[in-house]
Amino acid sequence: MQFVVLAAGRGRRLSPLTDVVPKPMLPVGRRPLLGHVAEAAVEAGASELLFVVQSDDDSVRSHFGDRYRDVPITYAVQAEPNGTAGAVACAADHLEGPFVVLNGDNLYDGEALSKVVDRAPAIGVHRVSDPREYGVVSQDGGTVTGLVEKPAYPPTNFANVGAYSLPYLDRDAFEVSTSDRGEQEFTDVVSTVIDEYDVTPVEFDRWLDVGRPWELLRANELEIQSTTRSVEGSVHRDAHLRGNVVVEPGAEVRERTTIEGPAIVRSGATVGPGAYVRGTSYVGENVTIGHGVEVKNSVVMSDTSVGHLAYVGDSVLGRNVNLGAGTTIANLRHDERPIELTVQGERTSTGRRKFGAVVGHGVKTGIDTNLFPGVTLSTGTTTLPGETVERDR
């Protein structure tokens, strides 16, 4: 079965993290997000991976090459961001029979994905508390009867997880009208299949749509929690590693440092001396965590430096960030209400009692900078020494 993986999305809801890094290449544990999708596809029996990618980015191609675990990869370029139907249409010339479509920014339950393949034609669904944020699937007697995008009054609480096994479709099938969002929606293509075939809903117990910064943090929490201890880098005899800690080859954990697992320290990173890393934290390649720094439950992307005596809690830091000494990221409101974050210009609840900041690529903070909970710093932002940042920049 050929698997079409949609990896051309711009990831605007994840901005500024996607200003430099394409959404599918954001880190989730020791793989990029797209790597987890590819892994699930291969485990579900993919004979070929068809990656639909952006025309102006080659990071996916350079990372994956022409094979993933001996499964060949074909690349289809979406020149214009005209929607998910347009994305699948880019791969249509390569399709030879029934096929599977997956979103490139979701974490899938591999066992359920295999059932989607086995029960084709089928659609993956997941029970959610507020289906208004998703495509919603209706069903009757084990057959899908309808699919509607983000309805104000959802007919069910089954969200569409973006995993479809479909019969062969010719290219004309992807020519659908433009939606109110100004895009050609693949769900409109799927709706025509629902009208012509008995499509089976397959429930996913585990699924995560990684579309916003706190969901990227959640994806890393889930992935890091499943890691097993592996220490191949350099660890000073006076450092302490507790639980499932990964220290990759080429990483260094210096004296008087404590790392409480689960946590991941990638190749080329330096932690300490006297640092404290805890709570499902990800320390990326070539990151420097300085003296007396505490990192808690955070994602720190590659080539970032966190200066001495800083605190980073429940936050996402982009690449090439430089946090000046004593920078503190607050992650809890005094009234303990859920932290809000700006997503595409609107303040949106993260649903999390604790959430710190989203720090874009190349940000530099002056010494003793304080960031309020829910603040976003855009790519390349700077702050002055001793500054308190209460609002996005």
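The side chains of Arg132 and Asp130 meet in a salt bridge with 2.8 Å from N to O, where a salt bridge is defined as a side-chain nitrogen of Lys or Arg within 4 Å of a carboxyl oxygen of Asp or Glu. Salt bridges that share partners also join Arg30, Glu248, Arg266 and Glu285 into one network.

The model is a predicted one, in which local features need pLDDT of at least 70 and side-chain atom pairs count only at pLDDT 80 or more, whereas totals for chains, interfaces and linings use all residues. Residues are numbered from 1 along each chain as its sequence is written, and side-chain values use heavy atoms, with hydrogens and water left out.

**Salt bridges**

Side chains of opposite charge can pair when their charged atoms come close. In the whole structure, a search finds 22 salt bridges, and the table lists some of them.

| Pair | N to O distance |
|---|---|
| Glu248 and Arg30 | 2.8 Å |
| Asp93 and Arg171 | 3.4 Å |
| Arg132 and Asp130 | 2.8 Å |

Glu248 forms its salt bridge with Arg30, and this pair links distant parts of the chain, since Glu248 lies in the loop between β18 (245–247) and β19 (252–253), while Arg30 lies in the loop between β2 (27–28) and β3 (31–32), 218 residues apart. The labels refer to DSSP runs numbered from the N terminus, with helices (H or I) of at least four residues and strands (E) of at least two. Glu248 counts as buried because its relative accessibility is 7%, whereas Arg30 counts as partly exposed at 39% relative accessibility.

The side chains of Asp93 and Arg171 also meet in a salt bridge, and this pair too links distant parts of the chain: Asp93 is in the loop between α3 (84–91) and β7 (99–103), and Arg171 is in the loop between β12 (158–166) and α5 (186–196), 78 residues apart. Here Asp93 is exposed, with a relative accessible area of 63%, and Arg171 is partly exposed, with 38%.

**Sheets and a hairpin**

Strands of a sheet pair through backbone hydrogen bonds, either parallel or antiparallel. Two strands are taken as paired if DSSP finds at least two bridges between them.

Eight strands form an open sheet with parallel pairing, in the order β15-β18-β21-β24-β27-β30-β35-β38. At its edges stand β15 (230–231) and β38 (376–377), each with a single partner strand, so one side of each is left without a neighbour in the sheet. Within this order, β30 (residues 316–317) and β35 (residues 358–359) pair in the parallel sense over two bridges, and Val316 stands opposite Val358 in β35.

Another open sheet has seven strands, also with parallel pairing, in the order β16-β19-β22-β25-β28-β31-β36. Its edges are β16 (234–235) and β36 (364–365), and each has a single partner strand, so one side of each lacks a neighbour in the sheet. Strand β22 (residues 270–271) pairs with β25 (residues 288–289) in the parallel sense over two bridges, with Thr270 opposite Thr288 in β25.

An antiparallel case is given by β10 (residues 135–140) and β11 (residues 143–149), which pair over six bridges. The bridge partner of Ser138 is Gly146 in β11. The two strands form a hairpin with two residues between them, and Gly141 in the turn has a positive phi of about 60°.

**The chain as a whole**

The secondary structure of the protein chain comes to six helices and 39 strands. Its radius of gyration is 22 Å, close to the 21 Å that the globule rule gives for 393 residues, so the chain is as compact as a globular protein of that length; the radius is taken over C-alpha atoms, and the rule is 2.2 Å times the number of residues to the power 0.38. The C-alpha atoms fill a box of roughly 65 × 45 × 40 Å, taken along the principal axes. Of the 393 residues, 56% count as buried.

Methods: Buried < 20%, exposed > 50% of the residue type's maximum accessible area, 1.4 Å probe, protein only.
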